[in-house]
Amino acid sequence: MQFDTLDAAFEFWKNYGGRTGFGVRKMYANKSRRDGQITTVRYACAKEGHRVPDKRDHLTKTPRAETRTECLVRLGLQFNRESSKFEVHDFVSEHNHVLHTEETCFMIPTQRNLADGQTVHIDFATDSGLKPKAAHQFFSQQVGGRENLGYTERDQKNYLRSKRQKDMAYGEAGSLLRYLHNQSCENPSFQYAVQLDSEEQITNIFWADTRMIIAYAHFGDVITFDTTYSTNKEYRPFGVFAGFNHHRETIIFGAALLYDETAESFKWLFQTFLEAHKQKKAKDYIYRPRSGNGKGTV
């Protein structure tokens, strides 16, 4: 048997493992010192060899289960310079462990893969408010069972977590958090706080710089909290704590980006505002909601 490329060879090995019921791994690849060409390659069963002892094992409270059994199943390839192809020169097929059944082969790590079309469906379901477990069950029913889906519920959760981390690293929220962090490093008086939901996603953000804190200490007897100041493309409330100085000029005591205008969000925001200003309470508060249906003074 011959293969044009190593990618084609490993894809064949993966498919063979999926049909037979075992996971696969790459063992080694040797290169020629003369021209750097890969000359020999070996692919093996995922249970080949044994785990190297860890010096920290005596500190481990819940060690991982041993998964390797020194299985000898392997596929060896050798590069033929005349045909420029990789030829099979070594093959062992006898396992020393129990193989997966046809019903559980989809759980083998090397048989699981999230296709681009599937990630689009997962993103759409998440944006629609569907929980990961319910979404996975729905997609499984569409393809006639979870064994035909190609990925597990854990793979789906890992994808969503990775996507969320990437969005936080490169998106608007990540840029804002990086800016707030840099400001607090440059000026210890700079205050900011972030509220997370049960899924550890950002919901509300509050910040107040040094000028805001000083202004509130001098002119914080009466403040207004306004969420009609501005809107954004996400239609999230942008709140501003404001007041007047002795020249009757508008001054800012703090600002916040809110997920919504619920009592829970406001409770967190006002508590955070007081903590930033050392628990100094104003004599009167004026609140203007975006909807215009709220009370004028709170």
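Across which strands does helix α1 lie, and at about what angle to β3 does the helix run? I began my notebook with this, keeping in mind that the model is predicted.

**Entry 1: the helix and its sheet**

I looked up helix α1, residues 6-20, and found that it lies across β1, β2, β3, β4 and β5, running at about 15° to β3. I then traced the strands themselves, and I noted that these 5 strands form an open sheet in the order β1-β5-β4-β3-β2, with antiparallel pairing. The edge strands are β1 (2-3) and β2 (24-31), each of which pairs on one side only. Inside the sheet I checked β3 against β4, which pair in the antiparallel sense over 5 bridges, and I saw that alanine 44 stands opposite arginine 74 in β4.

**Entry 2: two residues with positive phi**

Next I looked at the loops that join these strands. In the loop between β3 (38-45) and β4 (74-80) I found glutamate 70, which has a positive phi of about 60° although it is not a glycine. In the loop between β4 and β5 (85-92) I found serine 84, another residue other than glycine, with a positive phi near 60°. Are these residues buried, exposed or partly exposed? Glutamate 70 has a relative accessible area of 44% and is therefore partly exposed, while serine 84, at 45% relative accessibility, also counts as partly exposed.

**Entry 3: strands around β10**

I then moved to β10 and listed its partners. Strand β9, residues 238-244, is joined to β10 by 7 bridges and runs antiparallel to it, with alanine 242 standing opposite isoleucine 252. These two strands form a hairpin with 5 residues between them, and arginine 248 in the turn has a positive phi of about 60°. On β7 I counted 3 bridges to β10, again antiparallel, and here phenylalanine 206 stands opposite alanine 256.

**Entry 4: the nonpolar cores**

Which residues touch the most other members of the largest nonpolar core? I found that, of its 20 residues, these are Phe206, Ile223, Phe241, Phe253, Leu269 and Phe273. At least two residues of this core come from each of β7 (202-208), α6 (210-219), β8 (222-230), β10 (250-257) and α7 (263-276), and the largest share, 6 residues, comes from α7. Apart from this core I noted another, of 17 residues, including Ala9, Tyr16, Cys71 and Phe79. As a general reminder to myself, I wrote that nonpolar side chains tend to be buried together in soluble globular proteins.

Conventions. Residues numbered from 1 in each chain as written. Predicted model: local features only at pLDDT ≥ 70, side-chain atom pairs only at ≥ 80, totals over all residues. Heavy atoms only, no water. Core = buried A, V, L, I, M, F, W, Y, C linked by side-chain atoms within 4.5 Å. Buried < 20%, exposed > 50% of the residue type's maximum accessible area, 1.4 Å probe, protein only. Helix = DSSP H or I, 4+ residues; strand = E, 2+ residues; numbered from the N terminus. Pairing = 2+ DSSP bridges. Contact = heavy atoms within 4.5 Å. Axes fitted to C-alpha atoms, helices over the stretch in contact; angles between N-to-C directions.
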